[in-house]
Amino acid sequence: MATRDFNWDLLFEILSRADLETLRKCRILSRECNALTYKSTFLRSHCERTYTLCGYLIHSLQQGRSYSTFSSIHNPGVNPKSISFDFLPARRVRILAGADIGLFFCQSHEPQTTNYYICKPTTLQWELVPKHDFCNLNCSKHYPYFVMVLTSNPLRFKILRLHTHIGSCTLCCAIFYSDIWGWKQLDDFNLPDPKHLFLFMDATSACGRLHWLTNMLGKDKYRMLSFDQDKESWESISVPDACNNTLVYRINLAVYQGKLAIMGHRRDTATVEVWVMRHNSEDKWWEKIFTFNLDYLGKQQPTATLVSFYECSRGEYSRADFYNFNNGESTIHNLNNFKSYPFNMFSRYLESVYFIHMDYEPVQFK
């Protein structure tokens with residue numbers, strides 16, 4: 001046993017000094033190794049030893065202007081304004097999508113012209129992304145953009161845009177490829193049932209796929225749609241039977257240790273059940289890994305929203321809570337950028353929250 005403990009300590013010391021590319025590759029060695037690299041103690045040590053940033057970029061809109069702030073418990077001394085988009089040529093930009101390696105897709109908010117940029121804020125690098133003209137008057141609902149990173153070294157990525165036709169439930173899909181630096185239109189995808197409703201416009205990225213939570217109009221059952229970023233194919237996936245009831249559970253998708261997860265909030269209590277998707281070459285199944293209680297947050301702020309498994313944030317104008325599920329302790333961080341703009345972070349003004357673990361190494365976009 002002593003040898004085993006020593007080996008894990010040694011692995012901690014080695015991996016906490018590894019660059020991000022090596023760290024991500026080592027996560028597939030074993031389930032235990034993967035879990036180690038997601039622990040808060042490990043992430044803090046890794047940030048200190050490798051000069052990387054790990055935390056959340058919180059993006060909001062207020063009176064037509066975009067505001068961003070960085071919050072982290074792994075980089076406690078970092079200025080919330082350390083990640084800025086002021087280096088882009090546009091005076092005002094809106095973040096349309098982001099990837100956890102610190103890659104962001106932005107749109108300028110200039111009065112007369114609209115440009116699109118792919119950028120890495122820590123290295124102040126950016127490139128113009130050409131506009132696409134696949135959306136036309138026959139398209140009614142437009143979904144957000146999504147950035148999918150295929151490889152980080154060398155950098156290869158895709159940008160996905162979905163929209164639907166008027167009077168149908170056909171999904172139209174356009175993809176930007178960094179390899180050719182251009183857009184292509186994929187074949188339309190017909191939803192399994194015309195009564196499918198997307199509960200959330202934003203997708204959750206995990207295991208090389210984008211996932212959307214849906215339900216059936218007039219029914220109390222959840223479903224999930226997944227898009228494979230390599231095969232560029234769609235799949236309809238069921239959620240755990242135990243929480244597949246909209247009248248009892250309010251569920252949302254998340255990422256737990258790199259895996260797709262479902263958080264099932266019981267509507268009658270403050271209990272949250274966490275399920276993780278496991279899979280092999282032949283099958284997929286859901287495994288319930290733990291249950292916890294959010295009584296603490298409910299008493300302090302009834303509208304608290306669980307963002308991910310690194311942070312539990314609540315809307316008190318300019319605060320974010322990092323909640324420790326193991327001991328129930330909460331660390332409050334002030335979001336300085338929001339002090340002059342008092343509004344509830346979880347109202348309609350909060351646009352997106354991005355978890356990022358990024359370095360300062362230059363990238364080659366093209």
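The exercises below concern salt bridges and the surroundings of one arginine in a predicted model.

Local features need pLDDT of at least 70 and side-chain atom pairs count only at pLDDT 80 or more, while totals for chains, interfaces and linings use all residues. Residues are numbered from 1 along each chain as its sequence is written, and side-chain values use heavy atoms, with hydrogens and water left out.

**Exercise 1.** Describe the setting of Arg-278: its element, its accessibility and its contacts.

*Solution.* 
Step 1. Arg-278 belongs to strand E19, residues 271-279. Strands (E, at least two residues) are DSSP runs numbered from the N terminus.
Step 2. The relative accessible area of Arg-278 is 15%, so the residue is buried. Buried means under 20%, exposed over 50%, and partly exposed in between, with a 1.4 Å probe and protein chains only.
Step 3. A contact requires heavy atoms within 4.5 Å. With neighbours within four places in sequence left aside, Arg-278 touches Arg-31, Lys-259, Asp-283, Lys-284, Trp-285, Glu-287 and Ile-289.

**Exercise 2.** Which residue meets Arg-278 in a salt bridge, and at what N to O distance?

*Solution.* 
Step 1. A salt bridge is a side-chain nitrogen of Lys or Arg within 4 Å of a carboxyl oxygen of Asp or Glu.
Step 2. The partner of Arg-278 is Glu-287, at 2.9 Å from N to O.
Step 3. Glu-287 is partly exposed at 29% relative accessible area, whereas Arg-278 is buried at 15%.

**Exercise 3.** How many salt bridges does the structure hold, and which parts does the one between Lys-366 and Glu-127 tie together?

*Solution.* 
Step 1. The structure has twelve salt bridges.
Step 2. In the pair Lys-366 and Glu-127, the closest N and O atoms are 4.0 Å apart.
Step 3. Lys-366 sits in the segment after strand E25 (350-358) and Glu-127 in strand E6 (residues 125-129), so the bridge ties together parts 239 residues apart in sequence.
Step 4. Lys-366 counts as exposed at 58% relative accessibility, and Glu-127 as partly exposed at 27%.

Note on methods:
Helices (H or I, at least four residues) and strands (E, at least two) are DSSP runs, numbered from the N terminus.
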